[in-house]
Amino acid sequence: MRTRTTQLVGRIGALAVLSAVVAGCAEGQAAEPRPTVSAPPPVADVPVRLDVGSLVLPIEPYLFTDRQVARLFRARAVLTASCMERFGLHWPAPTEPAADTGTLNPANTAHRYGITDARLAARHGYHAAPGTVPSRTEGKSKGPNPGPEEMLVLTGQHEDGTRASKDERGRPVPVDGCQGEATKALSGDPRKIGNRELVGAINIGSYRDSQQDPRVIRVFRAWSQCMRQYGYTYADPTRAPGKAAEFTGPKATEAEIAVARRDVECKRRTNVVGVWSSVDAAYQRRAMEEKVRELAAVRRDIRTQVTNADRVLGT
């Protein structure tokens, strides 16, 4: 029983992925093979591109930003604390500002195609430059240590995972507990908050499918040949050593910086980012054309959740 409680405690206050944003889209992460069931989508024009600062992918208007996600979960924490107080249980609401780097767009284009900034590569290698990704500890504080009564009211479940309709004093408990009540107040559903599965699937799906596309495979091959000219052997940019064990220390080594500089240089010479982002966007557009009605509902859902969070937080 205690194991169940420990697992639930570990989930308290955990942020949803931005996505999803970003799983499968981080630099240095190899793509998982995924067969393409239809012909590759057409791409009209391929720009020459290295800088991703102005790049906006088609799915982005249907994804929450990092700031919006942080505010959603802060609002949920405030509502959860208010609900717990109704049951006479102290549950501290967050007092620190919501973490906001202000730099990650919804589709994580800053890191989606690996490193692309020659200046940052020369200074930081594959390490993130300060302020470009949230710190592992940013916005985190030591959470409460609830007992069985608090956990029952918080989650709406007994320790064995069964539904708890009443607390120990016989008072009705909301579906999925106070956390479910708070989530429903923001999104209309006690179990859903933030990005919907559809947009995450399109975002991640296009990233994976694009890497199996013949046009991207060709430009990856050109990049790989360019890297070999400098003495480095990598099959494609997703396998560049951003996550290699020797490059995960506190600071970038000279060897790491050397590889990173050549990585960016070869991306520039072969137009990897121009080709890859164009094909990536084409797969997104094709998937979105099949889900017009559903995506319209997603836009309304984003407005609803953001409006509700702003109302809770008073801004």
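Ring pairs link Y113, Y207, F220 and W276 into a cluster, where rings of Phe, Tyr and Trp (its six-membered ring) are taken to pair if their centres lie within 6.5 Å. The model is predicted, and local features need pLDDT of at least 70, side-chain atom pairs count only at pLDDT 80 or more, and totals for chains, interfaces and linings use all residues. Residues are numbered from 1 along each chain as its sequence is written, and side-chain values use heavy atoms, with hydrogens and water left out.

The structure holds three aromatic pairs. In one of them, the centres of the F220 and W276 rings are 4.9 Å apart and the planes lie at 85°, so the pair is edge-to-face; planes under 30 degrees apart count as stacked, over 60 as edge-to-face and the rest as tilted. This pair links distant parts of the chain, with F220 in helix 8 (residues 214-229) and W276 in helix 10 (residues 272-289), 56 residues apart. Both F220 and W276 are buried, a term that means under 20% relative accessible area, while exposed means over 50% and partly exposed lies in between (1.4 Å probe, protein chains only). Elsewhere, the charged end of R299 sits over the ring of Y62, 5.3 Å from its centre, the criterion being that NZ of Lys or CZ of Arg is within 6 Å of the ring centre and within 35 degrees of the ring normal.

The protein chain contains eleven helices and zero strands, helices being DSSP runs (H or I) of at least four residues and strands runs (E) of at least two, numbered from the N terminus. The axes of helix 6 (residues 177-187) and helix 11 (residues 292-313) come within 7 Å and cross at roughly 120°. Helix 6 is therefore oblique to helix 11, since angles under 35 degrees count as roughly parallel, over 145 as roughly antiparallel, 65 to 115 as roughly perpendicular and the rest as oblique. The contact, which means heavy atoms within 4.5 Å, is made by A185, L186 and S187 of helix 6 and by D301, T304, Q305, N308, A309 and V312 of helix 11.

In helix 5 (residues 148-155), the residues M151, L152, V153, L154 and T155 are buried, and this helix is followed by G156, whose phi is positive, near 75°. A110, placed in helix 3 (residues 109-112), is partly exposed, with a relative accessible area of 34%. Across the protein chain, buried residues make up 43% of the 315 residues.

Conventions. Axes fitted to C-alpha atoms, helices over the stretch in contact; angles between N-to-C directions.
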